[in-house]
Amino acid sequence: MTISKLINYTTREFISENELELYVAKQDEIFTPDVIKEFSKAGLLRRALTRIWNKEGVARVGILFEYRDEKAFVECQTLLDKYHAPKVKTFINKVVGSRGIVLHEFTSEDFK
């Protein structure tokens, strides 16, 4: 198993549930199998879109990115600008990103 060296966690808070649902629906349009291959080749190990469920009355998603290394992060930013940004620029949302270097990690034997 390849270990992530750099992680980015971004939240996007939308003005309504409808906007959030439209954003989620766009993911398959943006991340086609060919685009996913480009991200994988660039060093993105994992991307997960999550619905933030413990904040009542807030339409928010979390997006986890796990990168092979800093070079992969930089290359994937270029790909996000190319594929993701143009298709989500009309959404009104507050974006907060946090980036970190992995200092300690363990995974369950069930994690694949």
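Student: What share of the contacts with a separation of 6 or more comes from residues 24 or more positions apart?

Tutor: A contact means heavy atoms within 4.5 Å. In this chain, 76% of the contacts with a separation of 6 or more join residues 24 or more positions apart. Keep in mind that this is a predicted model, where local features need pLDDT of at least 70, side-chain atom pairs count only at pLDDT 80 or more, and totals for chains, interfaces and linings use all residues. Residues are numbered from 1 along each chain as its sequence is written, and side-chain values use heavy atoms, with hydrogens and water left out.

Student: In what order do the elements run from the N terminus?

Tutor: Helices (H or I, at least four residues) and strands (E, at least two) are DSSP runs, numbered from the N terminus. Here you get β-α-α-β-β-α-β, with three helices and four strands in the chain.

Student: How much of the chain is buried?

Tutor: Buried means under 20% relative accessible area, exposed over 50%, and partly exposed in between (1.4 Å probe, protein chains only). Buried residues are 35% of the 112 in this chain.

Student: Is glutamate 66 buried or exposed?

Tutor: Glutamate 66 counts as buried, because its relative accessibility is 11%. You'll find glutamate 66 in strand E3, residues 59-67.

Student: Which residues does glutamate 66 contact, leaving aside its neighbours within four places in sequence?

Tutor: On that basis, glutamate 66 touches Ser4, Leu6 and Ile7, along with Gly43, Leu44, Leu45 and Arg46.

Student: What does the C-alpha trace span along its principal axes?

Tutor: About 40 × 30 × 25 Å for this chain.
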